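Here are a few exercises to work through with the model open beside you. Try each task before you read its solution.

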Amino acid sequence: MPLRVTVTSHSDPEGDAIVSAAPLVGVNGLAECRVSRVYHLDAGDPLDRNDVDRLCREVLVDPVVAEYSVGDAGTAVGRAVEVAALPGVTDIEARELERAAQQLQIADLRVSTAVRYDLIGDLDDTAVAVITRRLLANDTIEQSHEGTLAPTFTVQADAHCEVESVPLAQLSDSELATLSSQRLLSLDTEEMRAIQRYFDEIGRSPTDAELETLAQTWSEHCVHKTFRAAIELTHTTADGRRTVTRHDGLLAALREVTEELDPWWLRSAFVDDAGIVAFDDHFDLAFKVETHNHPSALEPFGGANTGIGGVVRDILGVSARPIACTNVLCFGPVDLPDERLFPGVLHPRRIRDGVVEGIADYGNKLGLPTVNGAVVYDEGYIGNPLVYCGALGLLVNGSHPSAAQLGDRVVSIGGRVGRDGIHGATFSSATMDASTVDSVGAAVQIGDPITEKGCIEVVERACKAGLYNAITDCGAGGFSSAVGEMGEDLGVEVNLEGVRLKYPGLQPWEIWLSEAQERMVMAVSPGSLAALQQICDDWDVELTDLGSFSGTGDLVVRHGDTPVIDMSMDFLHNGLPRREMAATWVDPPSTAVESPPVNDEMLLGLLSHPDVASKEDIVRRYDHEVRAGTVVRPLVGRNADGPADAAVIKPLGTQYTPVAAVLSNGLCPRVGKHDPYAMALSALDEAVRNLVAVGGDPDRVALLDNFCWGDPTRSDRLGSLVRAVQGCTDGARRYAMPFISGKDSLFNEFEGRPVPPTLLISALGLVPDLDRAIDSAGMNVGDDLWLIGRGSGALGGSVADALYSLGATDVPAPLEDPLPRYRPVHSAIAAGLVSAAHDCSDGGIAVAAAEMAIAARYGVAVEVPADGCDAFTALTNEGPGRLVLAAHRSSREALAEMLGVHGRRIGEVTADSRISLQVQGAGGDTTAGAVISVDVQDATRAFTSSVPM
Amino acid sequence: MSAAPILIVHASGTNRDGDAAQAIELAGGSPRIVHINQLRRGRVTFGDHAGVLIPGGFSYGDSLGAGQRLALELRLWFAHELSEVVTAGKPVLGICNGFQVLVKAGLLGGTSENPPAAASRQVTLTDNARGRFECRWVTLRVEPTVRSSWLGSIRDTIIRCPIAHGEGRFVSADDSVTAELEAQGLVAFRYQDSGATPVVRPDSLRAASGVYPANPNGSAADIAGICDHSGAVVGLMPHPEDHVLDWQRPNGDPGATGLPLFEAFVAAAQ
C-alpha cells in the first residue's frame, strides 16, 4: 500500500498566479488557490515511518518555508483538484526522488507525484471544471480529478516481443491508403505501392517495424518530399497573364546558389545536421533552426521544451559545443475572445505562456543564453502556432568526424526509450483537426534537459579524444532515422534487446521508432568503447552498444533472436518515388488606400501594437547572460528596456581574438499574405540590416531558411511556397549570402485553415572587433541622426496597415543591389564613427526613432524625408534597406563621404526628452511644426504596457 | 608562487562552471572543473585544492527544490572533507545554485559555530516573490561589516552583475534570525538601488529596501549573499563571474566588475 506525503509551502506564487488568471478564462469567484505537492511512496514492503521522515527532512521539504503530512488527503478546504502525469509521461521529479531515496539507502522506493489544488471561493461545478481544464491540467499529458487521484506508478507491463507481419500483396490502392492512414504512416498511395512492389519482389510481407521505418524515413519531416519534388507552377499576374514554369526541386535550387557563391569561409552547407562556417583560423560556428509546431499546439510546454532539446542535438550532431539559443514564435492574439476559439484548440494565451515557459526551462537548464528572437501575433496562428527554435555551436575547425568505419560499434548515449514520442515525424507531416489530440497524444513529450546536458559534456570530451567516427542525433523517428542515416553506405546490424527502457513492455518496433529525446548515436571503433564508457560514467550518462556497421549494405534489426527488420539500405534511402506536384499562384490586385491623419496617438498606437511592444516579460525569463559572452543583449539602453536589433556573442574560450558572432532574424508574415516572393526578400533584408546595425560584416553572413506552410498538396499553398523559394534564391544571389541549412515544416493547417505562409530567415555573421559592436541606445545628446535608404512608399503588410485596417495590398519592393549601401554602413561602424544604430522595421521610421529614444531616454528631433509620400505613409511605411544611425557631429564629413547617396542627415539627439517628428515635403518644404511630439516617458509607457504574462 | 589550484565542483546540471573558471583564471588562480562522480571515486580530492567553488546551474534539474539533491550528496559523502577545507581556512564560494547547495547542506545560514542539521535550518532560498525565473542586472555592495576575513579587503566594494534564477529569495525562519545574521556580520552582500541610471559610485547608492527590481526577488533585508561563522564559506545569488571584463556590462560606465571578489578568493587560497 503506497504512502501519501503532502508538502505545502507557506508562500505560494503558483497559487497566486492561478487566482489572477481565473478571470481571464471567465471565472470570477476564485478567491484563493492553495497548491500542495503530493508524493505517493511505494516500496513493496510497508515503509518504515522513520525512513519517510528522513526522506522528507533531507530532500523533500524545506523546513523554513514548507511543512509536510503523511497519510490520507485530509479534508478539503474548498474544492480540491488533483493533477498527475498520464502513465508513461516523463516524471522527472519522481525519478529524482527515487534516486535520492537510493542515496539515503531507502531501498527500491517507487514514487508517483501529483499536484493538489485547493480552490477556495464561490465556485460551481462548471467553474471548477473550467479552471481545471484551462489552468491546471492538459489532457494530452495529464489526468485530473476532483478529490484524490489514485497513484499510477511507472507503467507495468510484461516484457514481450512480438513482431507483426503486415500483408500488402494484393491490396488495392484504396486499401493501401486505408492502411497508411490507420497506422499513421502519412504515406500516399504512390509510396505505398512502391513498398508493396519491393516486398513482392523479395517474396514476403513487411514487418510492422519495416513499414514504420519506411514511413519515418520517407516522411515529409525526414526526407522533404515537397522540397525534392518536380513542380509545375502556373503563375497568373494581376492583369491575367499566365506563365507556366518547371521547378526541378526547391531544395536543389537553394543549394545551387550556395554552390555558386561558395565563399572561402563556408565549411559545410546542407549535408550535416547543422550548417558550419569559419569563426577564425581555429574555431568554426555551427547554426541550425528547427520548428516544433504541432507538439507545441497540443502541449505548449513540452512541445517547445523538446523543440529546444532537438535543435541543440542538431548542434551536437556536428560535434559542436552549443553556446546560444534563439526562438521565434507566432501565436494567435492573446486577447482572443473565447467564442472565436476553434474547438479542440488551446487558447493562444495558454499556448504562448506554455511555450515561453518550455523554452525558458530547457535553455536555462542547459546553461545556454537565449539571446535573439521575435514574437508575432496573428489570427492565422490560432489553430496552429509556430515555434522556431535555434541553436549556435562552436567547434574546433575540422574536428567533426563524419564517416562510420566498417566494424564500428553502433552506440547510443543519453536518455532511455519510452513509448512517448512515437510517430513524431509522421505526425508533423499531416494536418491537424479537433481529434488530433486523441490520435497522436503519444507524439508529445516532456523534455529532460539535465540528461541532454550530460550528452553535451560527453560529446565535447569524446570528440576531443577522437573516440567516435560519426555522430548524429536521435530526432523524430528515433533509432530508425539516426541509425538508418548513419548506416546508409555500410549497412548495420542492430540488436534491440540491450536497449535501456524507461519501463518494460515496448514492442520492438516501438523501441526502434520512439523519439525518446536526449539521445545521440555514434559510430565507435571497438577499441575506443572503453574510453567512451569511462567518460559516460564520469558524467552520469548511460551508454548502450546496439550493434555494428556491417558492410552488407542492409539494415538488419533483431530483438534477441527474433528478426525485426531486414531490408536494403538502398531501397530505404532511394526507393521513395519522386513526387510530381502542381502549383498555382495569382498575384494580388493593387489596392489604393487612404491614409489616416498623423497625430501623437498614432505613434503611441504603433508602439503598443503587440508585434511592436516590448517583449521584456518574455525575454527576462530566459537567461541571456550564462557563458559570460553576451555583448549585445536582447534588451538594451539606459534602463535595459529598449529592443536590440541582433545579438552579439563572444564565445567562451575565444578571448585571444576580438572577433565575435552575431545572430539576427527576419520574419515578415504580413507581407507574405500578399506576396510570398517579396516576403522572402523582406525577411532576408530584415535579418541582414539587423545584423549590420550591431556591427556585423555584410560580407561574412550565412543564412538559414525555415519555411512554415500549409498543406503543400494544395496547389495554392504550394504556389506561394515556390514563390518564396524564388525570393530566397534571388535574395541569396543579390546579397551574396549563402544558405547553409534550412528546414521546412509543411502541413501547418487546422481543419483546412493554413497558417499565413511564414518564412523565417536567420542570419549568422561576425563582428570583427567586439569593442566596436554597438546597439540602438549608445547615442549622446547632440549626435546627428542619419537615415540610410529611402522609403518604399508601400503600406501593404505593415503594422500601420494592421493597426488601422487599411487593406493595403502593395508591398515594399525588394532591393536590387543591397551591398553598396550595407558595406559603407559597416565600415563606418567598424571605424567607430557610429554611436547607435537601429533598423526600420515594424512601424517604419516613426517607431525606429521612438525606440531609439526610449532605449537611450533622450529626445530625438527628426525631419523625415517624404520621398514622395504623404506624411502618414512617410512615417509608417516599412521596407528593405533602411537604418537610423546616430553619430557625433565631428563625424559628419567623414560619414557623408562614406555613405554617399545612401545616407541623409535627418535630425539630432536632444536633451528635452521629446520624440519630435516632422515630415519634409517632396519640394523640400517641411510640415509646419512637429506632426508628432510625444514625451519619451509616455512613449515608454505605451511601449511597455503590453499585456503582462 | 604557482597559481592556487581551485576546485570547481560540477554535478549533472551545473552550467556556469566555465564562467567561474574564466573568472578564477583572470583573478590569477588555476581552476579545475571536476564532476562529483570523479570526487566520489577518489580520483580527485577536495584536499588537493586551495579553495572550493560551487558554481551556478540546475544541479540534477533542481527537481526536488533548488540545490536539494547536490546538498544531500555533499552531506552524505563529503561532510568530512568539506569540514577539513573550512577548518584549514580555505575559502569556499557558492554562486547561485552553489549558494543554494551550501545553504541546504547546512554549510551556510547557521548563526553559531556548528552547522545546523538539514531539518533545523533557519534560512533558505525559495521562489522569487514574482514567482518566476528572472534574468537582469543588479548592483551589490559587499557589506562593510562582513566578518569573512577573505572578503575583508573588498568591504564596501560595489559589484554590478546579472542574476539568473527562479529560487533566489533569501528568507529566514523569522526576523530574529535575520537580525542575528546582521548582528554577527554574516550578511555578505546586499542589493543596492542605483536609481534611474547605472552608477557605480558607492556614495550615491542605498540599499534596495525591498523594492523591485533593485531587489529582484524579494529577499529579506536585501540580502544577496551571506557567509558562515568561520568566514571561510561565502555564498551569493548573483553572478559576479559574468562581469569580470569591462565589455560584459550592458550599459553605464566601465568598472564595478566582480573581479575583485575572485581576486580576494584566490588571494585567500594562496
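This is a predicted model: local features need pLDDT of at least 70, side-chain atom pairs count only at pLDDT 80 or more; totals for chains, interfaces and linings use all residues.

**Exercise 1.** Does A:Asp867 count as buried, partly exposed or exposed, and at what relative accessibility?

Step 1: Residues are numbered from 1 along each chain as its sequence is written, chains are lettered from A and ligands numbered from 1 in the order in which they are written, and side-chain values use heavy atoms, with hydrogens and water left out.

Step 2: Buried means under 20% relative accessible area, exposed means over 50%, and partly exposed is in between (1.4 Å probe, protein chains only).

Step 3: read off the value. A:Asp867 has 21% relative accessibility, so it counts as partly exposed.

Step 4: look at its partner. A:Asp867 and A:Arg904 meet through their side chains in a salt bridge, 2.9 Å from N to O. That pair links distant parts of the chain, 37 residues apart: A:Asp867 sits in the loop between β35 (859–865) and α29 (871–876) of chain A, and A:Arg904 in strand β37 (residues 903–910) of chain A. A:Arg904 is partly exposed too, at 23%.

**Exercise 2.** How many salt bridges are there over all chains?

Step 1: the rule asks for a side-chain nitrogen of Lys or Arg within 4 Å of a carboxyl oxygen of Asp or Glu.

Step 2: by this rule the count over all chains is 77.

Step 3: pick an example. A:Lys225 pairs with A:Glu191, and their closest N and O atoms are 3.2 Å apart. A:Lys225 belongs to helix α9 (residues 225–228) of chain A and A:Glu191 to helix α6 (residues 189–202) of chain A, so the pair ties together parts that are 34 residues apart in sequence. Helices here are DSSP runs of H or I with at least four residues, strands are runs of E with at least two, and both are numbered from the N terminus.

Step 4: check the burial. A:Lys225 is buried at 6% relative accessible area, and A:Glu191 is buried at 1%.

Step 5: A:Asp473 and A:Arg313 form a salt bridge at 3.6 Å, N to O. A:Asp473 is buried at 11%, and A:Arg313 is buried at 1%.

Step 6: finish with a network. Salt bridges link A:Arg95, A:Glu96, A:Arg99, A:Asp448, B:Arg69 and B:Glu73.

**Exercise 3.** How many residues of α17(A) are buried?

Step 1: of the 9 residues in α17(A), 8 are buried, leaving the helix mostly covered. Among them are A:Phe479, A:Val483 and A:Met486.

Step 2: now take A:Glu485, which is in this helix (residues 478–486). A:Glu485 is partly exposed, with a relative accessible area of 44%.

Step 3: see what surrounds that charge. A:Glu485 gathers with A:Glu488, A:Asp489 and A:Asp570 in a patch of negative charge on the surface. Such patches are made of residues with over 30% relative accessible area and no salt bridge; like charges are joined within 9 Å, nonpolar side chains (Val, Leu, Ile, Met, Phe, Trp, Tyr) within 5 Å.

**Exercise 4.** Which peptide bond to B:Pro213 is cis?

Step 1: the bond from B:Tyr212 to B:Pro213 is cis, with omega near 0°.

Step 2: B:Pro213 lies in the loop between β10 (206–207) and β11 (223–227) of chain B.

Step 3: check some backbone angles in chain A. A:Ser319 is not a glycine, yet has a positive phi of about 65°; A:Ser319 lies in the loop between α12 and β12 (321–331) and is buried at 7%. A:Ala640 is not a glycine either and has a positive phi of about 50°. A:Ala640 is in the loop between β24 (635–636) and β25 (642–643), and is buried at 19%.

Conventions. Accessible areas come from the Shrake-Rupley method with a 1.4 Å probe; for residues, only the protein chains shown count as cover. Lys and Arg count as positive and Asp and Glu as negative; His and the chain ends are not counted. The place of a charge is taken as NZ of Lys, CZ of Arg, CG of Asp or CD of Glu.
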